[in-house]
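Colleague: Hi! Could you walk me through this one while I have it open?

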Amino acid sequence: MNHLDKLESQSIYILREAYREFKSLCMLWSIGKDSTVLLWLARKAFLGHVPLPLVHIDTHYKIPAMIAYRDKIALEWKLNMVYGENKQALDAKNTFPDGKIDRLSCCKLLKSEALKHTLAGDWPRYRLDHGQGHYVLDTYTEPYTGVIVGARADEEGSRSKERYFSPRDKQSDWDVGDQPPELWNQYKTDFAPGTHIRIHPLLDWTELNIWEYIERENIPIIDLYFDKGEGKRYRSLGCYPCTFPVESSSKNVQEIIEELRSGKFANIAERSGRAQDKEDGGGLETLRREGYM
Amino acid sequence: MPLEQMNIVIVGHVDHGKSTLIGRLLADTGSLPEGKLEQVREMCKRSAKPFEYAFLLDALKDEQSQGITIDTARSFFNTEKRHYIIIDAPGHIEFLKNMITGAARAEAALLLIDVKEGVQENSRRHGFMMSFLGIKQIIVLVNKMDLVHYSQKAYDHVVSEYTAFLKEINLEPLAFVPIAAREGQNLIPYSNTEMSWYKGQSILELMDGLEKEKSQSFQPLRFPVQDIYKFTEEGDDRRIVVGTIETGSVSVGDEVVFYPSQKKSVIKTIEGFNLPSQKKIESGFATGFTLETQLYIKPGELMCKATETRALVGATFRANIFWMGKNPLIKNKRYKLKLGSARTSVYLKEIVSVLNAAELTQENKPEVERHEVAECIFQTLKPVAFDISSQIEATGRFVVIDDYEIAGGGIITDCIETESLLTDYVKSREFSWERSDISPFKRTEKFGQKPQFIVITGPRRVGKLALAKALEAELFLANKSVYFLGISNLLAGLGSDVRVAEDREEHIRRLGEMSHLFTDAGLLLISTISDLDDNEVKILKTLNAPNDLLVINVGESHFYEFPVDCLIEKDLPIYQAIQKIKELLYKKDILIEYYL
């Protein structure tokens with residue numbers, strides 16, 4: 001078995017472990033390459049099925065192609081697709097694009113807050129009705145106690161300390177100093193009432209592994225990652241006011257892999273196109289402790 | 001071709017230079033993101049701190065303020081040969097569980113010792129834990145050689161002291177290397193400019209010489225059943241047994257046995273998604289199988305091949321355990337055991353000895369405290385399948401859960417034949433039970449019935465509950481002393497401290513315990529429970545002793561060997577089912593016709 005087989009098997013094991021142990025389980029799907037690989041791995045783990053809801057936090061500032069792609073795949077693969085949003089902040093135009101707050105505060109409101117309440121079930125969730133082809137108010141309002149996330153350890157300093165099964169308290173807070181031990185494929189699957197667990201099946205994958213796997217499995221990834229002749233492509237996806245394409249002429253998966261292995265991105269951080277990370281020293285860590293993915 | 005990947009953990013006593021080593025390794029191998037080194041240097045200048053390579057790793061504010069590594073962090077770098085994932089494990093005793101988490105993921109360990117401070121408590125403890133966790137490749141780095149002017153004498157002193165310790169725990173390191181991490185001495189090839197007396201290899205060369213974990217496919221098959229899937233969407237009718245093959249290999253057509261249930265079947269297909277069809281699969285792969293026969297098994301079983309060495313099945317075993325729990329490991333407390341895919345209740349039966357992993361001293365103690373290692377005997381409520389860890393590692397080790405947390409990790413050293421926990425318990429219960437003056441015979445005479453626990457089982461949604469209630473009503477009207485106990489009663493009342501609904505085992509135990517009260521009082525007790533299996537009936541029978549148990553199965557039976565007392569077809573009208581049960585009750589003299 002090669003190292004992609006190993007990563008794949010480990011992720012499948014973790015997904016199955018989560019499915020076995022958590023009654024109210026969901027998977028976050030950001031439409032980006034990592035969580036799309038995660039979705040593919042779920043189909044591997046569950047032999048072609050995806051027996052759990054996919055949750056997307058819609059900030060309503062996502063690059064429009066992302067939403068189109070989300071719904072196309074959801075209908076095609078018959079996914080149990082759910083989205084949530086921060087309606088209050090959006091209605092009050094309390095956002096960075098509206099000029100009222102800075103980038104980090106905007107992330108906090110439109111993503112972290114929306115996510116927290118969508119997971120808890122105390123804000124409305126919208127579910128894709130496959131019969132009607134559009135979203136309807138979800139009647140399932142129980143909190144999700146297990147949340148599968150596509151975080152990778154190599155993304156950024158704070159993520160390198162995550163566990164595969166990582167507990168969060170009632171406020172979705174992450175206690176970095178006191179994390180559970182993990183050994184011999186045994187994870188924290190027991191949790192006290194009111195707390196929930198974040199599950200990270202992709203923790204050991206690198207950005208390069210992700211692309212190698214997309215190539216091997218021929219996963220239909222969103223085409224924003226590819227240069228369409230303008231010498232630009234996205235390396236990381238997010239909201240359009242804060243995410244910028246990088247200069248690159250990689251037109252397909254093969255060229256991206258080449259670029260990552262030897263080319264100019266070999267030593268530049270993946271999230272360098274994300275403006276919110278740069279606002280203070282520990283931008284992503286601060287966001288993460290408060291529930292950001 | 002993608003590069004090979006390897007996880008390496010760096011351990012050692014606090015302040016012996018782990019983070020510095022990793023920072024310098026990243027810098028010297030050109031693995032840092034552009035501008036990162038300059039950025040950290042700049043940050044140090046601004047805060048008037050001397051630059052340290054360790055700062056490169058301390059991504060978290062928390063950590064920088066305390067100046068010690070709290071948790072394992074991963075960093076990545078490549079050599080021509082491999083892609084390395086370096087796990088930085090904390091050296092402070094407070095964070096032993098984090099060190100273990102990091103080390104358990106590694107294939108090899110670099111153990112650092114500060115030449116000036118010499119062998120410290122955690123140098124020993126970590127060495128011991130590496131061998132405990134099953135890491136066989138260890139390179140010992142004697143660091144901070146610059147502080148002793150690169151003296152060979154100082155180096156030799158540490159080497160001989162630590163070698164003596166490792167000998168006691170039967171561990172042989174691959175190599176000792178003198179280094180000065182801060183100065184970059186001996187990290188990468190040709191970097192040793194100060195220690196001409198050292199002729200060995202640099203860290204990087206030694207790392208590239210480490211061996212990848214060997215494939216376990218030559219071992220007997222061990223496939224812990226993680227789950228059984230039947231997703232019916234899109235007309236899918238496959239019933240798939242899923243899990244990851246720990247050791248061995250298996251092919252379509254192979255006869256397999258599941259332990260502890262001992263059920264047998266034959267592999268029909270190997271299942272996968274977006275995969276070409278396979279006839280054979282080996283260790284390491286997460287996969288799934290369909291079987292030739294409809295077998296009712298539960299997650300937690302261990303699948304082996306009929307023609308190979310079988311796994312051990314038992315309820316009592318000897319193990320070495322290290323304890324990380326906030327509360328000590330004590331007797332007479334119910335813990336949860338996770339072994340392979342099995343989960344069951346476990347009790348500490350005996351502490352043979354407690355070992356101080358740093359001093360290697362043994363003592364007798366009534367409990368095992370945090371950070372201690374002990375040889376113990378454990379007993380489970382129901383039998384589990386396992387191996388001796390020296391034979392098959394993956395199925396010979398386990399973790400113990402206390403209060404939602406993984407509190408201990410253990411390796412099994414022996415299987416012990418003994419009476420089961422329940423038999424022991426029932427014996428002592430019967431011994432200390434104060435008997436009333438009314439004999440069971442008198443009760444039977446008065447009630448016109450023999451006490452009996454009537455269990456109605458079968459798959460979900462086959463009308464068990466309705467049948468149970470109707471049976472109760474029928475017997476009640478016939479003047480029998482009968483009581484229907486719904487499982488929900490248990491949940492709401494006596495069993496309210498049962499944490500999760502899945503905690504079925506504890507449920508069964510309580511049901512058995514309650515049935516004993518009712519039958520001891522001379523009553524007929526009726527209860528329903530879905531999908532009872534052979535072993536669970538055994539538990540109920542043991543606990544209900546000396547009175548009897550009658551098992552009625554509605555619909556498809558999931559018993560393997562246990563002879564059901566009465567089989568009732570799924571759609572049989574209730575009055576007919578009751579008639580059938582009543583006939584049986586008369587036949588068995590449980591209901592007695594009035595005699596004057």
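Modeller: Asp5(A), Glu8(A), Lys44(A), Arg216(A) and Glu217(A) are linked in a network of salt bridges, each bridge being a side-chain nitrogen of Lys or Arg within 4 Å of a carboxyl oxygen of Asp or Glu. This is a predicted model, where local features need pLDDT of at least 70, side-chain atom pairs count only at pLDDT 80 or more, and totals for chains, interfaces and linings use all residues. Residues are numbered from 1 along each chain as its sequence is written, chains are lettered from A and ligands numbered from 1 in the order in which they are written, and side-chain values use heavy atoms, with hydrogens and water left out.

Colleague: What does Lys33(A) form a salt bridge with?

Modeller: Its partner is Asp34(A), with the closest N and O atoms 3.6 Å apart. Lys33(A) is buried at a relative accessible area of 3%, and Asp34(A) is buried at 11%. Here buried means under 20% relative accessible area, exposed over 50%, and partly exposed in between (1.4 Å probe, protein chains only).

Colleague: Switching topic: what order do the five strands of the open sheet in chain B take?

Modeller: The order is β23-β24-β22-β25-β26, with parallel pairing. β23 (482–485) and β26 (566–568) are the edge strands of chain B, each pairing on one side only. From one strand to the next, the twist averages 20°. Strands are DSSP runs of E, at least two residues, and helices are runs of H or I, at least four, numbered from the N terminus; two strands pair if DSSP finds at least two bridges between them.

Colleague: How many bridges join β22 to β24 in chain B?

Modeller: Five, between residues 452–457 and residues 524–528. Ile454(B) stands opposite Ile526(B) in β24(B).

Colleague: Which strands does helix α14 of chain B lie across?

Modeller: Helix α14 (residues 574–587) lies across β22, β25 (548–554) and β26 of chain B, at about 175° to β26(B). Contact means heavy atoms within 4.5 Å; axes are lines fitted to C-alpha atoms, for helices over the stretch in contact, and angles run from 0 to 180 degrees between N-to-C directions.
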